[in-house]
Amino acid sequence: MENRSNSRVNTFHTKKPKQYSSDEMVFGIQSVTEILRSGKDIDRLYLVKEGSFPEIQQLAFERRVTIQRVPVEKLERITRKNHQGAICFVSSIFYAKLSNVIVGVYEKGQVPLLLVLDRITDVRNFGAIARTAECAGAQGIVIPARGAALINSDAMKTSSGALSHLPVCREVNLEETLKYMKESGIKVVACTEKTDNYLYDIDMSGPTAIVMGSEDDGISDELLRLADHHARIPLVGQVESLNVSVATGVVLYEAVRQRIFSENEPLVDEGV
């Protein structure tokens, strides 16, 4: 008989091949150079492994855009046009600076509720998560510079406009990001099946960052080690896991429930 205590929190469908939209893709050395100069945020920058692109590399370094060196076959799969060994994808949003987001939340007198997505790669999952996060009052989403979903028109559509209101922060090193959050007084809660602690036993009424893991293998071991708490969602049916966007909704709204209860509790104590 299956041991339900080991059921997975995060979920996951078989990965589908990535679909790229030509409306968001820029290719060719001169075009990629100009888009980097424009100041627009770049989601992906692919350069062929054996190529030399000194100006693109310098601009990418200045803009803190991660370069992915790939074989020419990958570029050929993305487009059959004359890419000259350089392809980039323009983000549909402007990325926010995490330190500004956290400072802004505290300055407004709000209690931080942030979401960290460790390698969520499905665009529609990401859009659905963003929609739920905005509805739950989260003040920001953090994603890694590499291994995250493209924030394209599909993500914008699936989010139902939430990505126009919810800051997204792109960080090169999520381990350093979690350390910075903890130094900023924010508790880090990792949602994982690798624990006996239920979600409902974790206090998320104070400043909290919720970490959700990859569709394939959940949260990385490095991030799990940094978390203040591990939590899992109880599953009592026959299916072993939830889709990651659904699981994120469950966790976020437990935090919302706790915060509403926490706000109302003093009224009960005072006999009002």
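1. **Overall contacts.** Among contacts in the protein between residues at least 6 apart in sequence, 80% join residues at least 24 apart. Contact here means heavy atoms within 4.5 Å. This is a predicted model: local features need pLDDT of at least 70, side-chain atom pairs count only at pLDDT 80 or more, and totals for chains, interfaces and linings use all residues. Residues are numbered from 1 along each chain as its sequence is written, and side-chain values use heavy atoms, with hydrogens and water left out.

2. **Inventory.** The protein has nine helices and ten strands. Both are DSSP runs, numbered from the N terminus: helices are H or I with at least four residues, strands are E with at least two. The chain has 272 residues, of which 48% count as buried. Buried means under 20% relative accessible area, exposed means over 50%, and partly exposed lies in between (1.4 Å probe, protein chains only).

3. Two strands pair if DSSP finds at least two bridges between them. Axes are lines fitted to C-alpha atoms, for helices over the stretch in contact; angles run from 0 to 180 degrees between N-to-C directions.

4. **Strand S9 and its partners.** Strand S5 (residues 113-117) runs parallel to S9 and is joined to it by five bridges. Leu-117 stands opposite Met-212 of S9. On the S8 side, four bridges join strand S8 (residues 187-191) to S9, again in parallel. Lys-187 has Thr-208 as its bridge partner in S9, and Val-189 stands opposite Ile-210.

5. **Burial of S9.** Five of the five residues of S9 are buried, so the strand is largely enclosed by the rest of the structure. In a regular strand the side chains alternate between the two faces of the sheet. In S9, Thr-208, Ile-210 and Met-212 point one way. Ala-209 and Val-211 point the other way, and all are buried.

6. **Lys-187.** This residue lies in strand S8. Is Lys-187 buried or partly exposed? At 24% relative accessibility, Lys-187 counts as partly exposed. Its side chain reaches the backbone oxygen of Asp-203 at 2.6 Å. Lys-187 also touches Pro-207, Thr-208, Ala-209, Asp-228 and His-229, not counting residues up to four places away in sequence.

7. **Glu-215.** This residue sits in the loop between strand S9 (208-212) and helix H8 (221-226). Glu-215 is buried, with a relative accessible area of 6%. Which side chain does Glu-215 join in a polar contact of 3.4 Å? The partner is Asn-125. A polar atom of the Glu-215 side chain also lies 3.0 Å from the backbone nitrogen of Asp-122. A polar contact is a pair of N or O atoms within 3.5 Å; within protein, one must be able to donate a hydrogen and the other to accept it, and residues adjacent in sequence count only if both atoms are side-chain atoms.

8. **Four-stranded sheet.** Four strands form an open sheet in the order S1-S4-S2-S3, with mixed pairing. S1 (25-27) and S3 (68-70) are the edge strands, each pairing on one side only. The twist averages 25° from one strand to the next. Strand S2 (residues 42-48) and S3 pair in the parallel sense over three bridges. Tyr-46 stands opposite Gln-68 in S3.

9. **Helices H1 and H2.** Two packed helices are described by the angle between their axes and the distance between the axes. Helix H1 (residues 29-37) and helix H2 (residues 54-63) pack at an angle of about 20°, with their axes 10 Å apart. That makes H1 roughly parallel to H2. Angles under 35 degrees count as roughly parallel, over 145 as roughly antiparallel, 65 to 115 as roughly perpendicular and the rest as oblique. H1 passes H2 in a left-handed crossing: the near helix is turned anticlockwise from the far one by less than a right angle, whereas clockwise would be right-handed. Residues meeting across this pair include Val-32 and Leu-36 in H1 and Ile-56 and Leu-59 in H2.

10. **H2 on the sheet.** H2 lies across S2, S3 and strand S4 (86-90). The helix runs at about 150° to S2.
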